[in-house]
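Visitor: I would like to learn how to read a structural model, one feature at a time. Please take me through this one.

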Amino acid sequence: MAAEKQVAAGGGGSSSGGSGGGRGAGGEENKENERPSAGSKANKEFGDSLSLEILQIIKESQQQHGLRHGDFQRYRGYCSRRQRRLRKTLNFKMGNRHKFTGKKVTEDLLTDNRYLLLVLMDAERAWSYAMQLKQEANTEPRKRFHLLSRLRKAVKHAEELERLCESNRVDAKTKLEAQAYTAYLSGMLRFEHQEWKAAIEAFNKCKTIYEKLASAFTEEQAVLYNQRVEEISPNIRYCAYNIGDQSAINELMQMRLRSGGTEGLLAEKLEALITQTRAKQAATMSEVEWRGRTVPVKIDKVRIFLLGLADNEAAIAQVKNV
């Protein structure tokens, strides 16, 4: 009997330890599913309106879940898991294991900013899948069609988020962030379609909104908005060049030099553009002056190299003068 009591006591101790560990793991998951904070003190002026720090949430999520290393597949998996947890927490399930029942977030549900977060994660998941396909399309060109489909899906979700944020229940700052987010994704879609005029209009709208938001808050809060403006500036200049602004190529090269290389949507296109521009210039280059002597240049590769060297020297000189 004594032995049985000892076994029972031991079993009870181990089970309580296990449940404690479970509570610890569950606590971390629930912490993420708590209402996203309204953010800064500046948001208190909006009273009880719903607020969502859209840019801050996506930037933090991207950096912590794969995008620091360009792993879009990992980030897409994170978005799917977070969506699933949010639906469970909000009791907003899409049917059961036997039957799917589609549900949409409506204005009537806007009593909790996590419903806005749910739509945001929809857009981020579609966008990250598009960027994953973009990486794979370098070796499998057929995936480009799927890429464009996913980008359109991301824009559709962003437009839905913007529409929900037009509600009187949502504060002004969140409205502006939703508009900028939609403009950013729309610009990316138009960029991929090579619709340069529509793309530059979308990127300029996005840039204008973030610049206004940056000027409305403290320097610490403005850092994130200014970073986004810097990210999209090369895209704007690239679109301008394709529309007909020949001076844009020089600005793009300076941006690339200052940043140590361009990343993301623009990288490959910019390198191809610079190579193409130098090839055109090389066709008209017949000689160079070296140590007071005029030397004919007949080899195309040498011409392109010399033009690249001259461009880099000029760009370095301009950066030093800034």
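Visitor: Leaving aside neighbours within four places in sequence, which residues is Ile236 in contact with?

Guide: A contact is a matter of distance, with heavy atoms within 4.5 Å. Once neighbours within four places are set aside, Ile236 touches Ile200, Phe203, Asn204 and Lys207. Keep in mind that this is a predicted model.

Visitor: Where is Ile236 found, and is Ile236 buried or exposed?

Guide: Ile236 is part of helix 8, residues 219-243. Its relative accessibility is 6%, so Ile236 counts as buried. A separation between C-alpha atoms can be read as well: Ile236 and Gly187 are 49 residues apart along the chain, and their C-alpha atoms are separated by 9.4 Å.

Visitor: What share of the contacts in the protein joins residues 24 or more positions apart?

Guide: Among contacts with a separation of 6 or more, residues 24 or more positions apart account for 63%.

Visitor: How many helices and strands does the protein have, and what pattern do they follow?

Guide: There are eleven helices and two strands. Along the sequence the pattern is α-α-α-α-α-α-α-α-α-α-β-β-α.

Visitor: What part of the protein counts as buried, and what is the accessible surface?

Guide: The protein has 322 residues, and 41% of them count as buried. The accessible surface is about 19000 Å², with 49% of that belonging to carbon and sulfur atoms.

Visitor: Now to charged side chains. How many salt bridges does the structure hold?

Guide: The test is a side-chain nitrogen of Lys or Arg within 4 Å of a carboxyl oxygen of Asp or Glu. The structure holds eleven such salt bridges. One of them joins the side chains of Lys173 and Glu53, at 2.7 Å from N to O. This pair links distant parts of the chain, 120 residues apart: Lys173 sits in helix 6 (residues 172-192), and Glu53 in the loop between helix 1 (2-33) and helix 2 (54-64).

Visitor: Are Lys173 and Glu53 buried or exposed?

Guide: Lys173 has 6% relative accessibility and so counts as buried. Glu53 is buried too, with a relative accessible area of 8%.

Visitor: Which residue forms a salt bridge with Glu192?

Guide: The partner of Glu192 is Arg144, and their closest N and O atoms are 2.6 Å apart. Glu192 lies in helix 6 and Arg144 in helix 5 (residues 143-165), so this pair ties together parts that are 48 residues apart in sequence. The relative accessible area of Glu192 is 1%, which means Glu192 is buried, whereas Arg144 is partly exposed with 30%.

Visitor: How many residues apart are Glu231 and Arg228, and where do they lie?

Guide: Both are in helix 8, three residues apart, about one turn of the helix. Arg228 is buried, with a relative accessible area of 4%, while Glu231, at 36% relative accessibility, counts as partly exposed. Salt bridges can also share partners, and in this way Glu53, Lys173 and Glu177 are joined into one network.

Visitor: Which residues form the positive surface patch?

Guide: A patch takes in residues that have no salt bridge and over 30% relative accessible area, with like charges joined within 9 Å. Here Lys104, Lys153, Lys156 and Arg163 form a positive surface patch. Lys104 belongs to the loop between helix 3 (72-90) and helix 4 (114-136). Its relative accessibility is 62%, so Lys104 counts as exposed.

Visitor: One more feature, the backbone angle phi. What is phi of Asn91, and where is the place of Asn91?

Guide: Look for a positive value in a residue other than glycine: phi of Asn91 is near 55°. Asn91 is placed in the loop between helix 3 and helix 4. At 58% relative accessibility, Asn91 counts as exposed.

Visitor: What is phi of Gln194?

Guide: Phi of Gln194 is near 60°, again a positive value in a residue other than glycine. Gln194 is in the loop between helix 6 and helix 7 (196-216). With 48% relative accessibility, Gln194 counts as partly exposed.

Terms used
Residues numbered from 1 in each chain as written. Predicted model: local features only at pLDDT ≥ 70, side-chain atom pairs only at ≥ 80, totals over all residues. Heavy atoms only, no water. Helix = DSSP H or I, 4+ residues; strand = E, 2+ residues; numbered from the N terminus. Buried < 20%, exposed > 50% of the residue type's maximum accessible area, 1.4 Å probe, protein only. Areas by Shrake-Rupley, 256 points an atom, 1.4 Å probe, with all protein chains shown as cover. Patch = residues over 30% accessible without salt bridge, like charges linked within 9 Å, V, L, I, M, F, W, Y side chains within 5 Å. Lys, Arg positive; Asp, Glu negative; His and termini not counted. Charge placed at Lys NZ, Arg CZ, Asp CG, Glu CD.
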